[in-house]
Amino acid sequence: MLSRARRERGRETWRRFSRHRQAILGLALIVLLTGTALLAPALAPYDPDAQTDIVATRYQAPSVSHPMGTDRFGRDIFSRVLYGARISLSIGFLAILIAITLGTAIGAIAGFFGGRLDTVLMRGVDLVLSFPRLVLLVVLVALFEPSIALVTLVLGLTGWMGVSRIVRGQVLTVREMEFVTAARVLGFGRTRILARHVLPNVLTPVIVAATLGIGNTILAEAALSFLGLGVQPPTASWGNMVASGRDAMLDAWWITTFPGLAIVFTVMAFNLVGDGLRDALDPRRVS
Amino acid sequence: MTSPLLQVRDLRTYFATDRGEARAVDGISFEVLEGETVALVGESGCGKSVTALSILRLLPEPPGRLLAGSSVQLRGEELTSAAESRLREVRGGEISMIFQEPMTSLNPVFTIGQQVSEAIREHEAMSTGPGERGPAAAKRVAIEWLDRVGIPDPEHRYGYYPHQLSGGMRQRVMIAMALSTRPSLLIADEPTTALDVTVQSQILELLASLQTELGTAVLLITHDLGVVAQVADRVLVMYAGQIVEEASVEALFRAPEHPYTEGLLQAVPDLEERRERLAEIPGNVPRATAWPTGCRFKPRCPYAWSRCRDVPDLLRSGRAEQSAARCWLVDEPERRRSGSGFGPGSPDGRREEVGES
């Protein structure tokens with residue numbers, strides 16, 4: 001049931017968010033990107049993987065028939081950027097979902113139950129954090145056959161540590177609040193108190209971290225694919241498109257430039273929205 | 001004689017701290033009978049709240065621990081050795097508790113109605129009609145309770161978040177949550193301390209009327225003697241982890257036995273009598289890691305003499321029925337007249353020269 005008070009609070013948050021002009025720009029970009037990714041089959045003028053008469057069609061500069069030009073196999077870059085958006089965004093969303101779930105669970109358990117469990121879990125976080133993420137990614141991916149599922153999983157499994165630290169810190173504060181004692185006095189069990197009473201109070205920073213994290217994850221996916229360890233050709237991903245145009249960068253700048261721009265705008269959009277959300281959801285920042 | 005609802009015997013709760021073991025609650029015994037209101041009075045840090053949390057076994061252990069020999073019995077059932085699952089039934093079921101800070105004791109992300117409903121559903125205290133369960137019934141009961149504790153327009157307020165309500169309203173919500181499960185004992189830990197005086201009085205009246213209606217016993221923890229006088233039947237005065245005086249409200253206010261109680265009463269402003277400064281008890285509450293030896297009030301007591309090196313027992317006195325004080329003065333009342341009593345505090349906080357008044 002959506003109560004009136006909740007609607008009012010939602011409106012207030014939206015009002016603060018909408019005053020953030022850059023955040024609105026970011027949100028518009030995300031809506032646009034998600035929309036085009038969903039509608040890629042309808043919007044793309046060509047089959048992204050089709051190669052016909054390579055010699056005649058390859059390395060064409062942007063024109064009316066190929067708005068972003070063609071690559072060395074004569075494939076339409078614009079169509080491939082649209083299809084690449086599906087890959088990049090879905091990997092980004094799914095990986096961050098894994099990271100957030102894992103990070104929230106570990107952080108919440110460590111913070112709420114404390115003691116030895118907290119020490120063990122948080123030293124585990126320190127341990128994982130002490131590896132540079134890209135090195136960890138490369139090693140993990142290199143151990144198995146590269147696939148989209150693997151990349152998603154590995155990105156999720158290497159992205160949760162920051163979230164768990166944030167959540168733990170928040171839970172440490174919230175669990176000392178009197179309403180937690182009040183819940184215990186009412187006879188609620190500890191697990192229920194953590195899940196139903198404490199966690200909803202720490203969601204705000206998690207939402208912000210998730211939004212900011214999507215940008216990073218998309219960037220990491222692009223980096224992996226660029227290195228040939230991520231999404232494998234011929235499936236289009238922005239990372240492997242940039243990689244495939246690397247050798248011809250001086251003669252055919254459009255092959256790397258357009259997928260590169262797609263990465264830049266997407267990451268920027270998520271970061272802007274993340275910043276806007278952080279300001280809008282933080283009651284102390286009411287101006 | 002009715003058997004006690006709650007019987008606490010030799011309760012000792014100690015905490016491990018950096019400065020050594022803090023004996024926060026150090027051997028207290030008392031009873032609460034069905035339906036009566038017992039006030040537990042004392043300064044900050046004397047162990048009142050720890051006593052309440054010890055009864056419900058809600059203290060973090062470690063650093064806290066209940067010493068062997070401590071006993072808390074609810075209608076004869078020992079709680080100190082009860083299983084956690086049983087304790088969870090007791091909490092909120094047979095014993096509820098409300099807190100000092102109505103600002104923070106409600107969860108900010110749920111509506112007040114959801115919180116009252118949740119408490120009701122958890123203990124399935126569906127007071128209306130048999131066989132009625134589920135969210136809709138709980139919501140209806142919750143609205144009834146909001147109405148009962150004096151929340152205007154309860155159906156509308158059901159969807160309010162705690163931050164949309166005033167402190168007094170929030171405390172009413174807390175009372176609704178605590179009483180909706182029809183407990184036999186309500187522990188109220190400084191329930192009105194954070195509220196305006198006018199609101200305070202309304203809340204106390206509400207508690208008193210609901211108590212009469214439901215037959216709930218109340219253990220009222222407070223430092224406010226005005227509140228005690230207004231609602232309590234019996235008073236336990238706590239000092240330094242021990243009960244130093246036990247008496248009916250009338251006896252306590254008429255003739256306090258323990259010098260500490262006497263000091264507390266004299267520190268309350270009196271409209272009849274014009275005084276420049278209120279009397280005060282010199283010094284501070286000692287630290288729980290280092291209680292004074294002998295009588296714990298000795299360093300601050302104007303009557304202290306050589307006998308106070310020995311720890312006094314709770315001595316029954318003939319002054320009033322069922323009253324007792326942990327003071328040798330009960331044995332030697334003539335010393336009270338020769339003693340100096342509590343003088344007014346001086347502006348710099350030190351005690352003035354004694355003997356002039």
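Two residues are taken to be in contact if their C-beta atoms, placed from the backbone, lie within 7 Å. On that basis, 11 residues of domain 1 of chain B are in contact with 7 residues of domain 2 of chain B. The model is predicted, so to speak of a local feature takes a pLDDT of at least 70 and to count a side-chain atom pair takes pLDDT 80 or more, while totals for chains, interfaces and linings use all residues. Residues are numbered from 1 along each chain as its sequence is written, with chains lettered from A and ligands numbered from 1 in the order in which they are written.

Chain B comes first. Its domain assignment (bounds from an automatic or database domain assignment) gives domain 1 as 6-232 and domain 2 as 256-338. Taken over C-alpha atoms, the centres of these two domains of chain B sit 30 Å apart. On the side of domain 1 that touches domain 2 in chain B, S2(B) brings the largest share, 5 residues. Sorted by class, that side of domain 1 of chain B has 4 nonpolar, 3 polar and 4 charged residues; here Ala, Val, Leu, Ile, Met, Phe, Trp, Tyr, Cys and Pro count as nonpolar, Asp, Glu, Lys and Arg as charged, and the others, Gly among them, as polar.

S2(B) also turns up in the strand pairing. Helices (H or I, at least four residues) and strands (E, at least two) are DSSP runs numbered from the N terminus, and two strands pair if DSSP finds at least two bridges between them. Strand S1 (residues 6-17) of chain B and strand S2 (residues 20-32) of chain B are antiparallel partners over 9 bridges, and they form a hairpin with 2 residues between them. Within this pair, Val8(B) has Phe30(B) of S2(B) as its bridge partner. S1(B) is also joined by 4 bridges to strand S5 (residues 71-74) of chain B, again antiparallel, with Leu6(B) opposite Leu74(B). A further 3 bridges tie S1(B) to strand S4 (residues 64-66) of chain B, running antiparallel, and there Phe15(B) stands opposite Gly64(B).

Next, the helices. Two packed helices are described by the angle between their axes and the distance between the axes. Axes are lines fitted to C-alpha atoms, for helices over the stretch in contact, with angles from 0 to 180 degrees between N-to-C directions. Helix H3 (residues 112-123) and helix H4 (residues 134-148), both of chain B, pack at about 115°, their axes 8 Å apart. That makes H3(B) roughly perpendicular to H4(B), a label for angles of 65 to 115 degrees (under 35 is roughly parallel, over 145 roughly antiparallel, and the rest oblique). Among the residues that meet are Val116(B) and Ile120(B) from H3(B), and Ala138(B) and Trp145(B) from H4(B). This contact of H3(B) with H4(B) has 8 nonpolar, 2 polar and 2 charged residues.

In chain A, helix H5 (residues 77-113) and helix H14 (residues 254-281) pack at about 35°, with axes 10 Å apart. The residues making the contact include Val81(A) and Gly84(A) of H5(A), plus Phe258(A) and Ala262(A) of H14(A). By class, there are 8 nonpolar, 3 polar and no charged residues.

Finally, the two chains meet through 26 residues from chain B and 17 residues from chain A. Helix H2 (84-93), strand S7 (95-98) and H3 of chain B each supply at least two residues of the chain B side, and H2(B) gives the largest share, 5 residues.
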